[in-house]
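Please read the following points with the structure open beside them. They take up a sheet and some of the helices in turn.

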Amino acid sequence: MARERDFDTVVVGSGMGGLTAAALLAATRRERVLVLERHWRAGGFTHTFTRPGGWRWDVGVHYVGSEVVRPGMARDVLRVATGAEVAWTRIPEPFERLVFPGFEHAIHGGGPERFAQDLARVFPQEERAIRAYLGDVRRAATAMAPLALRGIAPWPAAALARVLLAGRTRLARRTTGEVLAARFRDERLRAVLGARWADHGLPPSRSAFLSHAVITAHYLDGGWYPLGSAARLAQGAQRVIEGAGGAVRVRAEAERILVERGRALGVRLAGGEEIRARRVISDAGARATFLRLVPEEVPIPFRNALRRAEPGMAHVSLYVGLSASPERLGVRGENFWIHDALDQDVLWARRGGVVRGDVSHVYLSFPSMKDPEARAHTAELVTAVDAAEFARWAGTGWRRRGPEYEALKERIADAMLALVERRLPGFRALVAYRELSTPLSTEKFTGHAGGEIYGIPWTPARLDMGFLQPRTPVAGLFLTGADALYLGVTGALMSGLMTAVAACGPGTFARVRRAAARLGADAGRTPAAAAQPGSGRTAPLT
């Protein structure tokens with residue numbers, strides 16, 4: 001596979017954006033695409049891992065919104081990119097519980113009206129403001145359109161979109177904190193609406209309202225989970241790629257994008273192997289692509305802007321194997337967002353204290369209760385951290401960082417479990433196995449500096465970074481993934497589509513539509529057997 005022009009396209013990174021772009025080129029144009037993955041398992045944040053005892057965990061996909069199941073472009077892209085192999089189960093209602101000192105709020109997936117009614121019952125004096133806020137969410141979310149057109153639409157069309165959406169873009173540029181403070185007087189209501197900031201990586205005072213609006217709108221109809229785990233996404237895409245003569249290679253770390261006379265012509269791997277292609281797509285993130293993979297002598301006008309961009313969110317994840325079903329604790333499979341204070345910005349500021357056992361917020365998910373195919377009960381706990389607190393171990397080997405590091409991980413795990421125990425007494429007694437990952441693990445397996453998980457953070461300033469788009473200053477080189485459009489499974493799906501359009505032209509939209517129609521109307525629907533996840537009634541669960 002090292003021969004000249006073995007492939008039409010080489011994709012660096014097998015995250016959802018890279019796999020989607022590769023699979024769309026394979027499915028709609030029969031291109032031979034090679035996907036390179038530095039990890040020993042493909043999928044990026046969609047991959048899963050197991051441990052003895054039947055336990056299986058996701059590393060990134062905890063739930064997605066209804067775009068993957070309702071008619072529309074996102075569902076069509078998913079069908080084509082995975083060969084319509086992925087079915088979805090709905091997370092039991094309420095699908096989220098937001099926990100604060102002294103009160104909690106449950107979120108149901110009944111659409112914007114149900115969302116408004118549930119809030120108005122608790123905060124009746126704010127009902128008018130709640131409905132106005134949902135209007136803000138709807139308007140701000142549409143400002144994603146001109147961002148999606150960057151690099152793919154003719155200049156007049158992109159300019160017209162910016163003009164038509166100028167007012168909504170102004171709203172999208174405000175911080176989430178500014179919008180919430182302008183709409184609501186009740187501190188508890190502001191805490192509820194801002195509670196899921198870790199879904200997009202920044203607390204209210206720092207995040208662009210656009211990012212908050214997209215996530216809020218995404219989950220108004222509830223949460224969904226891939227039947228058989230998130231690994232089905234990568235597996236389906238790999239089969240599509242291989243079906244057109246392409247391949248997915250693991251343990252294949254890209255060291256350099258080969259550029260000759262201003263054009264990308266392939267990739268050199270660590271170890272020296274060179275792979276040539278007429279097109280290169282990078283799913284490695286903007287920082288890694290332009291600051292590490294593209295040779296320094298190649299002029300990139302925004303390199304300094306990338307160097308100045310603030311780091312994105314880093315996290316620790318605690319993967320827990322359970323000895324019995326969490327149903328005995330009253331859990332049905334919903335997500336928990338547990339906070340020990342109302343002010344989300346204060347919680348963000350305290351993230352550096354996690355290494356000292358000060359865990360102020362935890363996202364808690366139960367993969368096994370969402371997936372009828374799970375063989376054993378599991379939970380995942382996630383909290384934001386300051387990656388700088390782990391810098392002293394930079395350059396050390398995975399699982400070879402010494403007793404001080406292992407003691408640090410035990411301290412963090414104990415503190416995370418203690419916070420969960422306050423909301424779910426008896427949870428710790430169910431823990432039969434636990435394993436903690438840190439930003440060092442994320443950096444090793446993804447190549448993202450500092451272990452950032454969402455790429456360039458969604459501050460208001462990001463909206464002015466016009467270089468975050470599929471097209472790049474290097475001919476034949478394209479960007480995909482979170483930095484090319486938006487984060488999450490659906491964001492990456494659509495970034496993969498936009499990259500394919502940038503590479504092959506606007507006719508790609510019609511090709512995807514036709515390919516999705518050929519796959520059949522029933523593709524991707526939730527099977528009846530998967531309609532009741534979390535019941536504990538499926539035979540494999542013990």
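1. The model is predicted. Strands E13 (residues 314–322) and E16 (residues 378–385) run antiparallel and are joined by eight bridges.

2. These strands belong to an open sheet of seven strands with mixed pairing, in the order E7-E6-E14-E15-E16-E13-E17. Strand E7 (103–107) and strand E17 (431–437) stand at the edges; each has a single partner strand, so one side of each lacks a neighbour in the sheet. On average, neighbouring strands are turned by 15° against each other, direction ignored.

3. Helix H18 (residues 439–446) packs on this sheet and touches E13, E16 and E17. The direction of H18 makes about 100° with that of E13.

4. Elsewhere, the axes of helix H2 (residues 73–82) and helix H11 (residues 231–243) cross at roughly 65° and come within 6 Å. Leu-78, Val-80, Ala-81 and Thr-82 of H2 meet Leu-233, Gly-236, Ala-237 and Val-240 of H11. By class, this contact has six nonpolar, two polar and no charged residues.

5. Which residues of helix H20 are buried? They are Thr-508, Val-512, Ala-515 and Ala-516. They cover an arc of only 100° around the axis and therefore lie on the same side of H20. An α-helix has 3.6 residues a turn, so residues three or four places apart point the same way. The buried residues of H20 pack against helix H1 (16–29), H2 and helix H19 (488–504), whereas the face turned away from the buried side carries the exposed residues Ala-517 and Arg-518.

Terms used
Residues are numbered from 1 along each chain as its sequence is written. This is a predicted model: local features need pLDDT of at least 70, side-chain atom pairs count only at pLDDT 80 or more; totals for chains, interfaces and linings use all residues. Side-chain values use heavy atoms; hydrogens and water are left out. Axes are lines fitted to C-alpha atoms, for helices over the stretch in contact, and angles run from 0 to 180 degrees between N-to-C directions. Helices (H or I, at least four residues) and strands (E, at least two) are DSSP runs, numbered from the N terminus. Contact means heavy atoms within 4.5 Å. Ala, Val, Leu, Ile, Met, Phe, Trp, Tyr, Cys and Pro count as nonpolar, Asp, Glu, Lys and Arg as charged, and the others, Gly among them, as polar. Two strands pair if DSSP finds at least two bridges between them. Buried means under 20% relative accessible area, exposed over 50%, partly exposed in between (1.4 Å probe, protein chains only). The arc is that of the directions from the helix axis to the C-beta atoms.
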